[in-house]
Amino acid sequence: MRLESTPELEAFRRKVRSFVAEHAPGVKAHSGVRAPDPGLMPAIREWTAKLYEAGFLGIGWPAEYGGRPDAHPLEPFVVAEEIARARTWPPVGAASLASAALIDFGSTEQQARFLPRIRTCEDVWCQLFSEPEAGSDLAALRTRARREGEEFVVDGQKVWTTNGQHADMGYLLARTDGDAPKHKGITAFALDMRCPGVDIRPLREITGTTDFNEVFLDGVRIPAANVIGRVNDGWQVAMSSLGRERSGVAARGVELFAVLDDLLGLAEETPVGGRPGLDDSATRQAIGELAARVHVNAAMIGLAQSRMLHGTEQPADALLGKIFFSELNHDLADFGLRLQGTDGLLVEDDPEAVAGGWWQDAHLYSRAYTIAGGANEVLRTQVAERGLGMPREPRRPSPDPKA
Ligand SMILES: Cc1cc2nc3c(=O)[nH]c(=O)nc-3n(C[C@H](O)[C@H](O)[C@H](O)COP(=O)(O)OP(=O)(O)OC[C@H]3O[C@@H](n4cnc5c(N)ncnc54)[C@H](O)[C@@H]3O)c2cc1C
């Protein structure tokens, strides 16, 4: 029995597990949140739609759009964990973020138009927030949207857009009032990614895969009916929807146990000083320490879930969980690579690479988790200020006099 679990929740877990075993589109070749190869997209769209149809996604949505508001609050976590346990593809795109914005701030007409298409996965969404000069300081975004009659005309550039190359719709933040203080003049939009003027340029990353994109917006016309929430209220819309997405962290706990298992297998097969790595005391100690951290990570997730259920969440729970997970995830991959000695230098495509180069890719990708969802350096400051009540950092001079 897991912390905070119940017989009903465990029965739900068994149901999800057998559903995943029957319908999932195979094992994901790489670690992390990756954009699928284009050839895989039809199968992953179908898989995502099946998860909604079975009632395993969109659980907290209003009942008229297929949600089950009376479900146990930990059900979304169970689903994410079972998908991670099977090492298969999670639902594609930023639908959970976009749907949170649409449900909390969208008009009834927007909900009726967009939510059913998310459930059928006819629309894959991407998140168009970050810009070259606006990442940690998101409110510094410069993409402009100016009103022209019943439309907004958008010019600017986004970057880091995960799955942008596959997306049908974008959840866009753009500046609609250049004179307002920087958090106040931003508006959230639903953007049809096939509009004229949207130019999606995939980026090839150090891993050799293409998970992110640059998105250039040049005179893009968005109907005013696609404003999510009120004009100039986009900061509130964005912060609220970002704060709603929590089930991903549960999946990450499961992922780390799987990587730990793989590490044990690797150490068993890899000679260190002429004997199996598992017989080498330094290797055993290093793995023991990593194993202890994997269990601490799981305990932190359980504690955060427990506090969530009892309404006693602490401001630093999510921040600490993200920092601890991302650094441990890096250290596991790093040790897997070191264990291989000089073979660790082989690249993923090399036929001699251990496990097809999985460790090399995982190591290179692991930095992404220390940045995504807030760079760890920035989160540490937030832990100090929000979690420990330390005085706020003095504001740095801003190049924008209105900021
Ligand atoms: C895997 C992944 C997926 C992503 N997907 C998306 C997506 O789909 N859509 C989207 O909009 N964005 C996405 N992002 C972007 C992500 O939100 C940004 O990378 C993040 O906000 C950091 O911004 P930045 O990269 O511009 O770094 P910067 O903000 O430029 O930071 C650079 C460095 O400076 C440090 N730093 C910055 N400010 C401070 C400070 N105040 N104190 C101390 N240190 C500081 C940071 O910690 C970091 O080390 C994704 C990122 C990753 C890694």
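This is a predicted model: local features need pLDDT of at least 70, side-chain atom pairs count only at pLDDT 80 or more; totals for chains, interfaces and linings use all residues.
A polar contact here is a pair of N or O atoms within 3.5 Å.

**Ligand site**

Threonine 162 places a polar side-chain atom 2.7 Å from a nitrogen atom of the ligand. Serine 130 and tryptophan 160 also reach the ligand through side-chain atoms, as the table shows.

| Residue | Ligand atom | Distance |
|---|---|---|
| Serine 130 | nitrogen | 2.7 Å |
| Tryptophan 160 | oxygen | 3.2 Å |
| Threonine 162 | nitrogen | 2.7 Å |

In total, 17 residues surround the ligand. Gln127, Ser130, Ser136, Thr162 and Glu377 are the closest.

**Domains**

The chain splits into three parts: domain 1 (7-92), domain 2 (125-232) and domain 3 (246-387). Domains 1 and 3 touch: 16 residues of domain 1 are in contact with 18 residues of domain 3. Their C-alpha centres are 23 Å apart.

**Nonpolar cores**

The largest nonpolar core holds 52 residues. Within it, Ile118, Trp125, Tyr171, Leu173 and Ile228 have the most contacts. At least two residues of this core come from each of helix H1 (7-23), helix H2 (41-53), helix H3 (75-85), H4, helix H5 (108-119), S4, S5 and H6. Domain 1 and domain 2 each contribute at least three residues to this core. A second, separate core has 22 residues, including Leu328, Leu337, Trp358 and Ala362.

What does tryptophan 125 touch, leaving aside residues up to four places away in sequence? Its partners include Gly93, Ala94, Ala95, Ala98 and Leu102. Phe114 and Ile118 are also among them.

**Helices H4 and H6**

H4 is mostly covered, with eight of its 11 residues buried. The buried residues are Ala95, Leu97, Ala98, Ser99, Ala100, Ala101, Leu102 and Ile103. Their cover includes H2, H5, strand S1 (125-128), S4, S8 and H6.

Helix H6 (residues 234-244) buries Gly234, Val237, Ala238 and Ser241. Why do these residues lie on the same side of H6? They span an arc of only 95° around the axis, which puts them on the same side of the helix. The buried residues of H6 pack against helix H4 (95-105), strand S4 (169-175), strand S5 (186-192) and strand S8 (227-228).

Key:
Residues are numbered from 1 along each chain as its sequence is written. Side-chain values use heavy atoms; hydrogens and water are left out. Buried means under 20% relative accessible area, exposed over 50%, partly exposed in between (1.4 Å probe, protein chains only). Helices (H or I, at least four residues) and strands (E, at least two) are DSSP runs, numbered from the N terminus. The arc is that of the directions from the helix axis to the C-beta atoms. Contact means heavy atoms within 4.5 Å. A nonpolar core is a set of buried Ala, Val, Leu, Ile, Met, Phe, Trp, Tyr and Cys residues joined through side-chain atoms within 4.5 Å. Domain bounds come from an automatic or database domain assignment. A residue is near a molecule or strand if one of its heavy atoms lies within 4 Å of it. A polar contact is a pair of N or O atoms within 3.5 Å; within protein, one must be able to donate a hydrogen and the other to accept it, and residues adjacent in sequence count only if both atoms are side-chain atoms.
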